[in-house]
Amino acid sequence: MKRDVRILLLGEPKVGKTSLIMSLVGEEFPEAVPLRAEEITIPADVTPEKVPTHIVDYSETEQSEEVLREEIVKANVVCVVYDVTQEETIHKIRTKWIPLVNGGAEKGSKIPIILVGNKSDLRSGSSMETILPIMNQFSEIETCVECSAKNLKNISELFYYAQKAVLHPTAPLYDPEDKQLKPQCVRALSRIFSVSDQDNDRILSDAELNNFQKSCFGNPLAPQALEDVKTVVWKNTSDGVQDNGLTLNGFLFLNTLFIQRGRHETTWTILRKFGYDDTLELTDDYLYPQLRVPVGCTTELNHLGYQFLQRLFEKYDEDKDSALSPAELRNLFSVFPYMPWSESVYSSVHTTEENYISQHGYLCQWTLTAYLDVHRCLEYLGYLGFPILMEQDSQTSAVTVTREKVLDLEKGQTQRSVFLCKVIGPRGTGKTAFLQAFLGRSLVSDERNPSAFSLYTINTVTVANQEKYLILEEVDVETEFLKAADAACDVACLMYDVSDPDSFNYCASIYKQHYMDSGVPCVVVGSKADLPEVKQHHGMSPAEFCYKHRLPAPLRFSTLHTNSNVHIYTKLAWAAMYPHLNGSDMSSTSFWLRVTLGTAIATVLGFAFYRAFYRHK
């Protein structure tokens, strides 16, 4: 919405332009009227719409045509004033003033015009019979107001309508020639309907209508008012009311009716609440609210975010099979101007046997987006209506910014729920198979094109009786190609091929170059463990290298033994959660025993406290 309004008054000499301005300001008819009034500014706090309003007078006697053209360009709305007692001044509206204001403007970009019939105190009847054909001819004319500067009739109303024409314009919403909503307005209102239809039955029930009314206008409708609205729609449309609820066509009709009756502000209030600007595009402030993420911090969805996404899943899972089919997914994202998830999502998260996105996979994908690109995640939540449905100021309420990793290391514990593991190794090592095995898949049985696989997979891992999200990112490297930024992560999985004698050289080089002094825990994994193991050409064996650098002993991975691979992902998650423990501690049996005993002791103590408390009660 515009932050101020500039109103220009035009018309033939002696029609009373200056008198109208002076009567508004002085609240009485002026005894002496100058040729032209100076520009005045009405403060925001005394205008109905609470925006500063500038009123500009024009005098042919004092000002040139060049000045006139400059003023027209600067104006947000033009009031063309005529004398209701002088037919010639009405004739000039059509032949002179409207062509002067909008003669070269294209449809949709014309300056709104208010026709002002002054000196109504000198005429017993109305001039509207003469004015209506002009209004029908020029779609940019918003309305006509008959007034009197002498007895102050409709003076305030005149400037209110002028202000309203700028702040709640007709042009973006409605085509007066076709007498219907414009396509862009239909798209915006259709999205609003879809977001407000919380059970996805294509009907707004009384409860949904009241939630919508409360969100937009602060109060629910009274039961009788609700019935009256539906009655009006039912009488004027064939399919506007169904099962005692409002259909999309009924919702669109209702907004068309508001506009046709001059209540544009109602539709604009709805549109602006749902994030739209004057061009019916979602604003950057709505889609991209500010969120500061300091260096060393990460972003995760919180309970509000997951609660909203869970509701959304249940809304669009029409067959209640705990999975989203491609059609259901398209329906969910129908409020977007584009499809946000590509085909690669099917190789990033868990899917069903039918290759549908499971409920678990759906939440994992949202977790991945929030971690990797939080601003894109906020944009997505904006399209889906998170701030309105969750009654929050913005989508940032769905996200938690974690504390800096340095503090986690100092305290020896973390509050994070999402961890990133970079899987690094030369091409052909089996990294893609390792990522897919994390989702319980085998590349041997997967018929997908290799290029369709994502560089990321995400799943949950249980660590110390807590469910954590682990993201695996595949990194293809030659030693000299891995940049420092590529190496940043919570844990590094250095993968080599046990059947390739040169494979471990890459892992050793990467470790020395990027991780040896970084504090990032590393886990070495030997892939293709089902093949005969050959001696590595590196100066020492992988086991000796790990022992020397205080790393956990190498783990073995094979696509043929999927069940035996689970412990690898668990150990990666452990390493990410406890980066303050060095590798030799993690590789020893005593470390895992200490962790297990620690968890068991905490459980026993908790139970003992509970029993004592219960007895005390």
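Which residue of E18 does Cys421 stand opposite? In the predicted model considered here, Cys421 stands opposite Val491 in strand E18, and this pair belongs to the contact between strand E15 and strand E18 (residues 491-497), two strands that run parallel and are joined by four bridges. Strand E15 is also joined to strand E17 (residues 466-476), again in the parallel sense, by eight bridges, and within this pairing Leu420 has Ile471 of E17 as its bridge partner.

Eight of the eight residues of E15 (residues 418-425) are buried, so the strand is largely enclosed by the rest of the structure. In a regular strand the side chains alternate between the two faces of the sheet.

Strand E17, which pairs with E15 in the parallel sense, has an antiparallel partner in strand E16, and eight bridges connect E16 and E17. In this pairing Val463 stands opposite Gln466 of E17. The two strands form a hairpin with two residues between them, and in this hairpin Ala464 takes a positive phi near 50°. Of the eight residues of E16 (residues 456-463), six are buried, and the strand is therefore largely enclosed by the rest of the structure.

A further enclosed element is strand E4 (residues 77-83), in which seven of the seven residues are buried, so that the strand is largely enclosed by the rest of the structure. Val77, Cys79, Val81 and Asp83 point one way from E4, whereas Val78, Val80 and Tyr82 point the other way, and all of these residues are buried. Strand E4 runs parallel to strand E1 (residues 5-11), to which it is joined by five bridges, and Val77 of E4 is the bridge partner of Ile7. Strand E4 also runs parallel to strand E5 (residues 113-118), with six bridges between them, and here the bridge partner of Val78 is Ile113 in E5.

Attention may finally be turned to the surface, where Asp319, Asp321, Glu353 and Glu354 gather in a patch of negative charge. One of these residues, Glu354, lies in the loop between helix H13 (326-332) and strand E13 (357-358). Glu354 counts as exposed because its relative accessible area is 54%, and exposed residues are those with over 50%.

Conventions. Residues numbered from 1 in each chain as written. Predicted model: local features only at pLDDT ≥ 70, side-chain atom pairs only at ≥ 80, totals over all residues. Heavy atoms only, no water. Patch = residues over 30% accessible without salt bridge, like charges linked within 9 Å, V, L, I, M, F, W, Y side chains within 5 Å. Areas by Shrake-Rupley, 256 points an atom, 1.4 Å probe, with all protein chains shown as cover. Salt bridge = Lys/Arg side-chain N within 4 Å of Asp/Glu carboxyl O. Lys, Arg positive; Asp, Glu negative; His and termini not counted. Charge placed at Lys NZ, Arg CZ, Asp CG, Glu CD. Buried < 20%, exposed > 50% of the residue type's maximum accessible area, 1.4 Å probe, protein only. Pairing = 2+ DSSP bridges.
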